[in-house]
Structure formats: structure tokens, C-alpha cells
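The following note sets out points for a colleague who is examining the coordinates. Please read it alongside the sequence and the model.

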Amino acid sequence: MPKIAKQIIGIVVVFGAINLVLWGAQEFYYREESSQIKEEQKFLVSEERLINALDMKIKEQEHELNQKKAELDRNESLGNTSAYNRGVDSYNLTLILYQSNISTYNSKIAVYNTKVDEVNALIEQSGSRWYLLPIPLPGKVGHLTN
């Protein structure tokens with residue numbers, strides 16, 4: 001094996017070992033942040049599922065409210081007062097549940113967005129790593145003079 005090939009392999013091995021130690025030290029230094037990021041991401045996935053389920057429930061309630069409102073309007077136009085009065089109670093109860101779910105949804109979205117910002121800040125803080133690369137620096141080439 002030529003001498004230059006051995007030197008290149010030697011440089012690659014040395015820089016590889018240095019980078020492995022450097023990477024390992026940084027992983028150890030940021031281990032708590034990395035663990036916290038993983039936990040927060042699990043929370044976010046769980047919270048996203050709950051938010052999506054609540055969103056579906058709100059849409060169903062909205063559809064139900066529209067149906068009940070149409071039924072109320074129909075009974076009112078027909079002059080069916082007793083059916084209208086019974087329908088008002090049902091409509092109002094559904095409306096209260098709907099508004100409560102909207103409030104819960106909005107608060108969950110606010111918490112979710114705050115957590116996303118926190119996780120992004122942690123990722124930015126602990127996500128950068130330093131590596132040592134064997135890049136030759138420009139400089140003057142020495143000349144021999146007589």
C-alpha cells in the first residue's frame with residue numbers, strides 16, 4: 001500500500017475517532033434535554049389525538065344543532081307550539097355542550113401550541129452538534145530559494 005494511502009487512512013481514522021468522542025460528549029451533555037424532548041413529543045402526539053377527536057365531536061354537534069334548528073323553524077312555521085317548546089330545551093342543551101367543547105378545544109389548542117414552542121426551543125438549544133472536519137486551510141506554499 002502506498003505511503004500516501006496509509007496517511008489518508010490514518011487521518012480518516014483519527015478524525016473519525018475524534019468526531020465519535022466529540023459526538024458522544026455532546027450527546028451526554030444534552031441527554032436531559034433529549035429525554036425531555038422525547039417526553040414532550042409523546043405528550044404532543046397524545047394531545048393531538050384528543051384535539052382531533054374533540055374537533056370531530058364539535059363538527060357532529062354542529063350538524064346536530066343545524067338539524068335541531070331546522071326542526072324548530074319548521075315547527076314554528078307550522079304553529080306547532082308544544083313541539084317547538086320541547087325542541088327548544090333539547091336545542092339549548094346541545095348548544096351548551098357544543099359551547100363547552102369549543103371552549104375546551106380552544107384551551108387545548110393554546111396548550112398544544114405553547115408546548116410546540118417549548119419543544120422547538122429545546123430542539124434548537126440541544127439539537128446542534130459540532131464536528132471536526134479535516135479541511136485544509138488556505139495558506140502560503142513555501143518555496144525553496146537558493
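**Points on the structure**

1. K108 is partly exposed, with a relative accessible area of 24%; the classes are buried under 20%, exposed over 50% and partly exposed in between, with a 1.4 Å probe and protein chains only as cover. The side chain of K108 forms a salt bridge with that of E47, at 3.2 Å from N to O; the term requires a side-chain nitrogen of Lys or Arg within 4 Å of a carboxyl oxygen of Asp or Glu. E47 has a relative accessibility of 8% and counts as buried.

2. The model is predicted, and local features need pLDDT of at least 70, side-chain atom pairs count only at pLDDT 80 or more, and totals for chains, interfaces and linings use all residues. Residues are numbered from 1 along each chain as its sequence is written, and side-chain values use heavy atoms, with hydrogens and water left out.

3. The secondary structure consists of three helices and zero strands, and the order along the sequence is α-α-α. Helices (H or I, at least four residues) and strands (E, at least two) are DSSP runs, numbered from the N terminus. Of the 146 residues in the protein, 17% are buried.

4. After α2 comes G79, with a positive phi near 75 degrees.

5. An α-helix has 3.6 residues a turn, so residues three or four places apart point the same way.

6. Which parts does the salt bridge between E47 and K108 tie together? The side chains of E47 and K108 meet at 3.2 Å, N to O. E47 lies in helix α2 and K108 in helix α3, so the pair ties together parts that are 61 residues apart in sequence.

7. A second contact of this kind joins E40 and K115, whose side chains meet in a salt bridge at 3.4 Å, N to O. Because E40 belongs to helix α2 and K115 to helix α3 (residues 81–127), the pair ties together parts that are 75 residues apart in sequence. E40 counts as buried at 14% relative accessibility, whereas K115 counts as partly exposed at 22%. E40, K115 and E118 are linked in a network of salt bridges.

8. How many salt bridges does a search of the whole structure find? The search finds eight. One further pair is K42 and E39, whose side chains meet at 3.7 Å, N to O. K42 and E39 both lie in helix α2, three residues apart, about one turn of the helix. K42 is exposed, with a relative accessible area of 55%, while E39 is partly exposed at 47%.

9. K115 also lies over the face of F43, at 5.6 Å from the ring centre. A charge sits over a ring if NZ of Lys or CZ of Arg is within 6 Å of the ring centre and within 35 degrees of the ring normal. The charged end of R31 sits over the ring of F28, 4.1 Å from its centre.

10. S90, in helix α3, counts as partly exposed at 31% relative accessibility; S90 and K68 are 22 residues apart in sequence and 8.0 Å apart in space, C-alpha to C-alpha. V111, found in helix α3, counts as partly exposed at 40% relative accessibility. V111 and L44 are 67 residues apart in sequence and 9.7 Å apart in space, C-alpha to C-alpha.

11. I9 lies in helix α1 (residues 3–29) and is partly exposed, with a relative accessible area of 44%.
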